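Please open the structure in a viewer and keep the selection tool at hand.

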Amino acid sequence: MSLLEIQNLTVEFKTGSGWFRAVDGVSFTVDAREVLAIVGESGSGKSVSMLAVMGLLPWTAKVTADRMHFEGRDLLGMGKAERRKIIGKDIAMIFQEPMSSLNPCFKVGYQLTEALKTHMNMDKAQRNARAVELLRQVGIPAPETRLNSYPHQLSGGMNQRVMIAMAISCNPKLLIADEPTTALDVTIQAQILDLLLKIQRDTGMGLVLITHSMGVVAETAERVSVQYAGQKVEEQPVKGLFKDPHHPYTAALLAALPERAHMKRLPSIPGMVPGQFDRPQGCLFSPRCAYATQLCRTQVPPQQKDLGNALCHYPLKDGVALGHPGKEKAA
Amino acid sequence: MFRFLLRRLALTVPTFLALMFVTFMMIRLVPGDPIEVRRGERGISPERLAELRHEMGLDQPILKQFADYAWGLLHGDFGVSIITKNPVLQEFLTLFPATVELSICALLFAILIGVPAGVIAASRRGGVYDQSLMGLALTGYSMPIFWWGLILILVMSNTLGLTPVSGRVDLINYYYPSVTGFMLIDSLLSGEKGAFLDAVRHLILPTIVLGTVPLAVIARMTRSSMLEVLEEDYVRTARAKGLAPYRVIGIHALRNALIPVVTVIGLSVGSLLAGAVLTETIFSWPGVGKWLIESIGRRDYPALQGGIMLISSIVIVVNLLVDLTYGLINPRIRHAR
């Protein structure tokens with residue numbers, strides 16, 4: 001049984017001009033001891049789908065799914081109080097902005113022991129001992145004195161370490177990391193990623209890593225899910241994805257990696273992720289796709305079962321677009 | 001910390017001087033002087049008038065009068081009331097506890113209802129409760145104090161007979177010496193049966209009338225501040241820990257949301273004392289507000305001037321204290337000093 005199992009998850013936001021679909025029929029599973037990366041540009045619905053799992057979306061959001069199970073328990077069907085027993089204990093999450101994700105009015109120690117107080121049967125001395133142990137585990141020097149610091153007295157990297165310590169305090173079975181390194185210095189980024197992976201290996205928890213960096217994916221993940229405009233366009237083991245991407249979007253993302261560029265100019269994907277008002281009729285990527293034909297623009301693409309579930313009319317195999325009529329006819 | 005205090009105190013000196021000058025001149029702009037007001041229908045001979053004016057120094061050039069007054073004030077001399085011949089400071093201190101008692105009750109009323117109301121409104125944003133509460137707050141804010149007081153007296157005291165119309169305590173049934181000047185404490189100290197409840201009953205209406213405007217301001221401020229804070233990342237973090245909503249809202253969000261609310265509470269102390277002038281007059285509450293109104297009628301220059309100076313220095317001190325409490329709530333300010 002998978003740790004987390006999600007089928008056909010859709011999240012819509014109520015806006016002044018109707019409903020905006022931020023996540024559109026996304027499915028995936030996470031197993032214990034597995035690292036799943038979710039990749040995509042800003043606005044592709046990566047964070048929103050994970051916030052939906054946590055139940056942290058604002059009241060303007062409507063979440064529907066055929067299945068959203070954690071260890072076989074239906075997250076959507078259970079009551080709020082019951083769900084709070086899982087959130088923060090068995091599923092934990094860390095966020096993008098460590099500086100604003102910690103409450104400026106409370107000491108690190110207070111915020112660190114809060115989840116322990118809520119979920120674990122520990123007295124005050126035990127909680128404090130655990131907090132010191134956690135800070136040491138995430139590599140914060142002089143943990144005893146740090147417990148009495150306020151977040152503004154620590155650096156961004158230190159704060160993210162505190163966030164990680166907080167998230168793993170109740171030994172979660174699944175940790176969701178939402179772009180945990182985006183707001184940090186490059187040197188700190190590698191340290192934080194290493195720390196997350198070490199903890200994942202040591203504890204055997206499942207890790208979902210949301211990122212927009214293919215470089216991070218290559219270093220960390222075992223399986224990759226690529227999202228675009230709220231849809232999952234491809235999913236593959238990391239090796240296969242880098243070797244033979246099946247969706248043109250994945251291929252374009254990989255081509256934009258500086259390490260892979262062999263021209264003078266770095267290739268880029270023209271245009272932007274469609275928003276609420278410029279959503280294309282057929283394939284959502286068609287306005288930016290080098291292979292797009294009239295079919296792509298009018299018909300919703302099928303999922304290619306054998307080729308990484310690529311959501312494409314002409315999936316790539318070894319760089320060749322299968323069934324594509326050719327560039328001349330495409331235009 | 002100490003330097004910060006000194007700097008803040010130094011800044012109040014020019015404020016104080018300007019205030020003294022403006023009130024001094026404004027009071028004398030009111031037509032008539034203490035003697036003309038008192039001479040009655042039979043009149044007074046011009047010679048006697050000039051003599052009395054000379055006695056009080058009112059025939060001096062106005063700047064000379066001001067300089068004399070300022071010199072006295074610098075030595076802690078607030079002058080003597082023209083009407084009662086008592087020192088102004090002594091009169092003020094006798095009446096002030098009544099005003100303080102009323103103001104504290106009104107402020108507590110406003111905070112204890114306003115903050116929870118704002119928090120609940122924010123956490124149910126856009127709902128029926130939110131909209132009706134904010135509608136009420138706007139009504140309360142726009143309500144003229146004198147009208148609101150009269151309506152409450154009419155309904156609560158006259159029609160329903162629930163509360164007394166005026167005063168601080170029923171003097172026919174209860175008599176006891178004033179120890180602290182605070183009726184709630186004195187009535188308890190007296191040990192007289194029912195005295196405390198009677199004092200409370202007298203306080204209810206004035207408290208509501210004086211507290212209504214601050215209540216509305218605090219509720220609206222708490223709501224908007226809460227709405228802002230609830231969108232913050234750290235509130236999401238708190239919810240991600242699986243904390244119960246009351247902990248997320250009541251501890252993580254409220255502590256941050258209170259920072260601007262404390263400012264508003266501090267500022268409302270000034271408007272409370274101003275509102276006390278009207279409220280005390282409506283309810284015949286023997287405090288400094290009623291005393292000031294009477295002093296205007298009698299053109300009692302020293303009493304008016306002294307009263308205004310004392311009240312404004314209290315407002316200045318309270319605002320200073322409010323500045324200091326920021327550090328208690330917000331650690332970022334505490335460490336920045």
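**Stop one: chain A against chain B**

Select both chains: chain A and chain B bury about 2,400 Å² between them, with 56% of it on carbon and sulfur atoms. Buried area here is the accessible area (1.4 Å probe) that two parts lose on being put together, summed over both. This is a predicted model, in which local features need pLDDT of at least 70 and side-chain atom pairs count only at pLDDT 80 or more, while totals for chains, interfaces and linings use all residues. Residues are numbered from 1 along each chain as its sequence is written, chains are lettered from A and ligands numbered from 1 in the order in which they are written, and side-chain values use heavy atoms, with hydrogens and water left out.

Next, select the residues in contact (heavy atoms within 4.5 Å): 30 residues of chain A meet 22 residues of chain B. Two salt bridges are found across this interface, a salt bridge being a side-chain nitrogen of Lys or Arg within 4 Å of a carboxyl oxygen of Asp or Glu. Display A:Glu114 and B:Lys241, whose side chains form a salt bridge at 2.8 Å, N to O. Then colour α4 (108-119) of chain A; α4(A) gives seven residues, the largest share of the side of chain A that touches chain B. Helices (H or I, at least four residues) and strands (E, at least two) are DSSP runs, numbered from the N terminus.

**Stop two: the two domains of chain A**

Select residues 4-227 of chain A as domain 1 and 248-330 as domain 2; such bounds come from an automatic or database domain assignment. Their C-alpha centres lie 31 Å apart. The contact takes 16 residues from domain 1 of chain A and 11 from domain 2 of chain A. About 980 Å² is buried between these domains, 58% of it from carbon and sulfur atoms. Highlight A:Phe20, A:Glu41 and A:Met214, which supply 50% of the area that domain 1 buries against domain 2, more than any other three residues. A:Glu41 also forms a salt bridge with A:Arg288, the closest N and O atoms being 3.1 Å apart.

**Stop three: A:His247**

Finally, centre on A:His247, in the loop between α10 (238-243) and α11 (248-255) of chain A. Is A:His247 buried or exposed? A:His247 counts as buried because its relative accessibility is 1%, where buried means under 20% relative accessible area, exposed over 50%, and partly exposed in between (1.4 Å probe, protein chains only). The side chain of A:His247 reaches the backbone oxygen of A:Leu311 at 3.0 Å. Leaving aside residues up to four places away in sequence, A:His247 touches several residues, including A:Val233, A:Phe285 and A:Leu316.

Key:
Polar contact = N/O pair within 3.5 Å; in protein donor to acceptor, adjacent residues only side chain to side chain.
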